[in-house]
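Please look through the sequence and the model shown here before reading on.

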Amino acid sequence: MNNISRRNILQGLIASAVVVGFDTANCSWATSASAAHSFVNLPHLDGVLYTDDAIRANTADDFGHLVHRYPKAVLNPGSIDDIVNIIRFARTHSLKVAARGQGHSCYGQAQVEEGVIIDMSTLNKVHSISAKQAVVDAGVVWSQLLQETLQQQLTPPVLTDYIELSIGGTLSVGGIGGASHRYGVQVDNVLSDTFNPDILDKPD
Ligand SMILES: Cc1cc2nc3c(=O)[nH]c(=O)nc-3n(C[C@H](O)[C@H](O)[C@H](O)COP(=O)(O)OP(=O)(O)OC[C@H]3O[C@@H](n4cnc5c(N)ncnc54)[C@H](O)[C@@H]3O)c2cc1C
């Protein structure tokens, strides 16, 4: 999943560089080439909005290979503000939105037909680790967090059996693992799912 080659990324960057807005009449992205149409401007984005076929096709699949929904665009957010802005924009223009972690769900849960995929893999920073808590972006995969906690001889209380899944993705299903008999599911161990800048990079 998320098997995006360097070539695809470059193609995406090129394609995305010319997206200037959304053509509400045709329900399509407005590019500089088609800018003669009336269109609404995209909000400011710190990340990249991809509209090329290869990247959209990569998100129209998942671990189950049963469902294939093609989005209109894929956002690689550069900030949490990007997510807020694209959801507001999508809501205004009746576009559906779906978050995508590692795409390991089996029945299209992380896909959206004709909508916008928010590929969470670019929000992948571990902000801080202490004996009490780890503060992470939702796109971090569990193996990445584990690698960093092990350096302090710590582990998250509950890991899924397969740890190349995103934290946001497993929290969305609860997250059960080998230590659940003792600590419950992963969501039982999450202090907050709301971004709070005050908890970033502060000692406990
Ligand atoms: C090989 C394999 C082993 C597994 N082992 C376990 C296991 O041991 N324990 C267990 O509990 N589960 C397990 N699962 C199931 C797995 O936890 C779920 O399929 C999980 O949703 C996959 O995470 P993902 O990052 O691939 O999410 P995706 O498939 O990308 O997304 C799943 C759902 O979460 C939503 N989502 C993703 N990121 C976010 C976010 N940041 N914010 C809000 N919503 C978001 C998506 O929109 C979608 O609805 C396993 C699955 C596979 C394929």
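Is A138 buried, partly exposed or exposed? A138 is partly exposed because its relative accessible area is 35%, where buried means under 20% relative accessible area, exposed over 50% and partly exposed in between, with a 1.4 Å probe and protein chains only. The structure is a predicted model, in which local features need pLDDT of at least 70 and side-chain atom pairs count only at pLDDT 80 or more, while totals for chains, interfaces and linings use all residues. Residues are numbered from 1 along each chain as its sequence is written, and side-chain values use heavy atoms, with hydrogens and water left out.

A138 sits in the loop between β9 (134–136) and α4 (142–150); helices (H or I, at least four residues) and strands (E, at least two) are DSSP runs, numbered from the N terminus. Once neighbours within four places in sequence are left aside, A138 is in contact, meaning heavy atoms within 4.5 Å, with M120, L123, S166, I167 and G168. Although A138 and T170 are 32 residues apart in sequence, their C-alpha atoms are 9.8 Å apart in space.

H93 belongs to the loop between α3 (80–92) and β6, and H93 counts as buried because its relative accessibility is 18%. Not counting residues up to four places away in sequence, H93 touches F22, T24 and V40. S180, in turn, lies in helix α6, which covers residues 180–183, and S180 is buried because its relative accessible area is 15%. The side chain of S180 reaches the backbone nitrogen of G177 at 2.9 Å, and, with residues up to four places away in sequence not counted, S180 touches V158, G175 and V185.

Of the 204 residues in the protein chain, 41% count as buried. Among the contacts that link residues at least 6 apart in sequence, 52% join residues at least 24 apart. The accessible surface of the protein chain comes to about 11,400 Å², of which 53% belongs to carbon and sulfur atoms; such areas come from the Shrake-Rupley method with a 1.4 Å probe, and for residues only the protein chains shown count as cover.

Some of the atom pairs at the ligand can be followed one by one. An N or O atom in the side chain of S105 is 2.7 Å from an oxygen atom of the ligand, and a polar side-chain atom of S172 likewise lies 2.7 Å from an oxygen atom of the ligand. For I176, a polar backbone atom is 2.7 Å from a nitrogen atom of the ligand. Taken alone, the ligand exposes 960 Å², and the protein buries 76% of that.

Methods. A polar contact is a pair of N or O atoms within 3.5 Å; within protein, one must be able to donate a hydrogen and the other to accept it, and residues adjacent in sequence count only if both atoms are side-chain atoms.
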